[in-house]
Amino acid sequence: MGIRIKTWPDSLDGLASNMNFEDIIMENVGNPVLIDQEYCPWNLCNGKVPSRVKISDVSFKNIRGTSTTALAVKLACSSGYPCQNVEIADIDLLTSQCKNVKPKITGKHNPAPCTTN
């Protein structure tokens with residue numbers, strides 16, 4: 001199991017902040033680093049309305065290892081409440097994708113993070 005922060009579209013107003021994930025080794029993990037504010041299991045939510053949970057002050061530092069999925073880092077934040085103050089540092093996994101977030105990127109990365117936004 002990877003590091004996951006998930007909220008549903010059309011959710012109630014909320015706040016998730018001050019989360020720090022550091023010095024973690026992943027072994028054969030699917031989606032090792034994930035923020036998913038479009039999470040909708042069983043298609044039982046209104047995907048046309050963005051999540052109203054504000055995610056801020058989150059850091060992912062020194063995360064390394066192996067992933068069972070090609071997309072190892074995914075930051076898919078709400079279009080209504082884009083994530084703020086997200087930092088990814090020293091990530092050594094496979095690939096990454098970011099949406100509605102402009103993370104602060106420091107340290108070494110394999111591969112380069114946030115190749116698409």
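Trainee: Where does Ser 78 lie?
Mentor: Before we start, note that this is a predicted model, in which local features need pLDDT of at least 70, side-chain atom pairs count only at pLDDT 80 or more, and totals for chains, interfaces and linings use all residues. Residues are numbered from 1 along each chain as its sequence is written, and side-chain values use heavy atoms, leaving out hydrogens and water. Strands here are DSSP runs (E, at least two residues), numbered from the N terminus. Ser 78 lies in the loop between β5 (71–76) and β6 (84–92).

Trainee: Is Ser 78 buried or exposed?
Mentor: We call a residue buried under 20% relative accessible area, exposed over 50%, and partly exposed in between (1.4 Å probe, protein chains only). Ser 78 has 3% relative accessibility, so Ser 78 counts as buried.

Trainee: Which backbone nitrogen lies 3.1 Å from a polar atom of the side chain of Ser 78?
Mentor: A polar contact is a pair of N or O atoms within 3.5 Å; within protein, one must be able to donate a hydrogen and the other to accept it, and residues adjacent in sequence count only if both atoms are side-chain atoms. The side chain of Ser 78 reaches the backbone nitrogen of Gly 80 at 3.1 Å. A polar atom of that side chain also lies 3.1 Å from the backbone nitrogen of Tyr 81.

Trainee: Which residues is Ser 78 in contact with, leaving aside its neighbours within four places in sequence?
Mentor: Contact means heavy atoms within 4.5 Å. With those neighbours left aside, Ser 78 is in contact with Gln 37, Pro 50, Ser 51 and Asn 100.

Trainee: Which side chain does a polar contact of 2.8 Å join to that of Ser 51?
Mentor: Ser 51 is found in the loop between β3 (33–36) and β4 (53–67). Its relative accessible area is 1%, so Ser 51 is buried. Leaving aside neighbours within four places in sequence, the contacts of Ser 51 include Gln 37, Ser 78 and Tyr 81. The polar contact of 2.8 Å joins the side chain of Ser 51 to that of Thr 7.

Trainee: What separates the C-alpha atoms of Tyr 39 and Ile 5?
Mentor: Tyr 39 has its place in the loop between β3 and β4, and is partly exposed with a relative accessible area of 25%. Not counting residues up to four places away in sequence, Tyr 39 touches Lys 6, Thr 7, Trp 8, Pro 9 and Cys 45. Tyr 39 and Ile 5 are 34 residues apart along the chain, yet their C-alpha atoms are separated by 9.6 Å.

Trainee: What is the phi of Asn 43?
Mentor: Most residues other than glycine have a negative phi. Asn 43 is found in the loop between β3 and β4 and is exposed, with a relative accessible area of 68%. Although Asn 43 is not a glycine, its phi is positive, at about 55°.

Trainee: And where is the place of Asp 57?
Mentor: Asp 57 is a residue other than glycine with a positive phi, near 55°. Its relative accessible area of 30% makes Asp 57 partly exposed. The place of Asp 57 is in strand β4.

Trainee: Finally, how many strands does the protein chain have?
Mentor: From the N terminus on, the elements run β-β-β-β-β-β-β-β. The secondary structure comes to 0 helices (H or I runs of at least four residues), and the number of strands is 8.
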